[in-house]
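Subject: Structure handover

Hello,

Here is the structure I promised to pass on. Please open it first, then read my notes below.

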Amino acid sequence: MAMTLLLGGAASGKSRTAAALVARTALPVTVIATAEALDDEMTARIGRHRRERPDDWSVIEEPLDLIGALERAHGATIVDCLTLWVSNLLGYDLGDDEIAGRAAAAAKACAARPEPTIVVSNEVGSGIVPMNPLARQYRDVLGRVNATFADEADVVALMVAGRAVRLSTMLTELEDP
């Protein structure tokens with residue numbers, strides 16, 4: 001299991017499943033956390049995640065430089081999450097093409113790691129079309145980033161109500177009706 005991508009809605013069990021997957025290994029664990037504590041709610045959320053992690057897990061808090069964080073990670077690694085990473089990159093005024101380039105490089109870096117790497121991201125494209133241009137841009141960019149990571153992943157699963165639904169990797173793997 002080189003790279004696993006866990007997609008799903010908010011509170012669908014992505015982070016819990018990622019933690020369970022790395023806990024099965026006998027390896028040290030590194031969590032790459034992309035969240036920034038920009039308001040009270042996010043500060044509380046980050047605090048809850050910190051309390052839920054085992055004390056012996058290493059944490060790299062890195063909102064922008066995912067490649068650098070991956071280079072510093074050791075053992076089984078969780079990237080939590082692409083959703084906030086893309087939001088951070090947009091917040092720092094990076095363009096769609098630059099984000100796509102960073103995503104391609106980061107996905108390849110995750111796939112090249114010899115230890116298991118579990119990448120978490122939200123699936124945000126299943127809802128209504130947002131009225132706000134930035135929200136539409138975010139939805140579209142995150143969708144492309146998720147697809148880029150899926151292309152490099154060994155396993156892609158959609159989390160729904162705490163359950164994983166494994167996704168096929170290529171259209172050609174689907175059986176004829």
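Start with Gly 143. Gly 143 is partly exposed, at 38% relative accessible area. Gly 143 sits in helix H6, residues 133-152. Helices (H or I, at least four residues) and strands (E, at least two) are DSSP runs, numbered from the N terminus. From Gly 143 to Arg 163 is 20 residues along the chain, and their C-alpha atoms are 21 Å apart.

Two notes on the source. This is a predicted model, in which local features need pLDDT of at least 70 and side-chain atom pairs count only at pLDDT 80 or more, while totals for chains, interfaces and linings use all residues. Residues are numbered from 1 along each chain as its sequence is written, and side-chain values use heavy atoms, with hydrogens and water left out.

Ala 100 belongs to helix H5, residues 96-112. Ala 100 is partly exposed, at 42%. Its C-alpha atom is 23 Å from that of Pro 116, which is 16 residues away along the chain.

Now the pockets. The method uses a 1 Å grid over the protein atoms alone. A pocket is an open set of points where a 1.4 Å probe fits, with protein on both sides within 12 Å along at least five of seven lines. Lining residues have an atom within 4 Å of a point. Grid points are joined across faces, edges and corners, and a volume is the space filled by probe spheres set on the points.

The largest pocket holds about 790 Å³ of space. Its lining has 30 residues, and those nearest the centre are Ser 15, Arg 45, Arg 48, His 49 and Asp 80. The elements that give two or more residues to this lining are helices H1 (14-23), H2 (40-52) and H4 (82-91), with strands E2 (29-33), E4 (76-80) and E5 (117-122). Which element gives the most to the lining of the largest pocket? H2 does, with eight residues. By type, the lining of the largest pocket has 13 nonpolar, seven polar and ten charged residues. Here Ala, Val, Leu, Ile, Met, Phe, Trp, Tyr, Cys and Pro count as nonpolar, Asp, Glu, Lys and Arg as charged, and the others, Gly among them, as polar.

The second largest pocket has a volume of about 150 Å³. Among the residues of its lining are Ala 35, Asp 39, Met 42 and Tyr 92. H4 gives the largest share of this lining, three residues. The lining of the second largest pocket divides into five nonpolar, two polar and two charged residues.

Next, the salt bridges. A salt bridge is a side-chain nitrogen of Lys or Arg within 4 Å of a carboxyl oxygen of Asp or Glu. The count comes to eight. Here are three of them.

- Arg 45 pairs with Glu 41 at 2.8 Å, N to O. The two are four residues apart in helix H2, so about one helical turn separates them. Arg 45 is partly exposed at 37%, and Glu 41 is partly exposed at 45%.
- Arg 48 pairs with Glu 52, with the closest N and O atoms 3.7 Å apart. Both lie in helix H2, four residues apart, about one turn of the helix. Arg 48 is partly exposed at 37%, whereas Glu 52 is exposed at 56%.
- Arg 113 pairs with Glu 115 at 3.2 Å, N to O. Is Arg 113 buried or exposed? Arg 113 is buried, at 9%, while Glu 115 is partly exposed, at 23%.

Last, the backbone. The peptide bond from Asp 80 to Cys 81 is cis, with omega near 15°. Cys 81 lies in the loop between E4 and H4. Ala 11 is not a glycine, yet it has a positive phi of about 55°. Ala 11 lies in the loop between strand E1 (3-8) and H1, and is exposed at 85%. Asp 93 also has a positive phi, near 65°. Asp 93 is in the loop between H4 and H5 and is exposed, at 71%.

Best wishes

Methods:
Buried means under 20% relative accessible area, exposed over 50%, partly exposed in between (1.4 Å probe, protein chains only).
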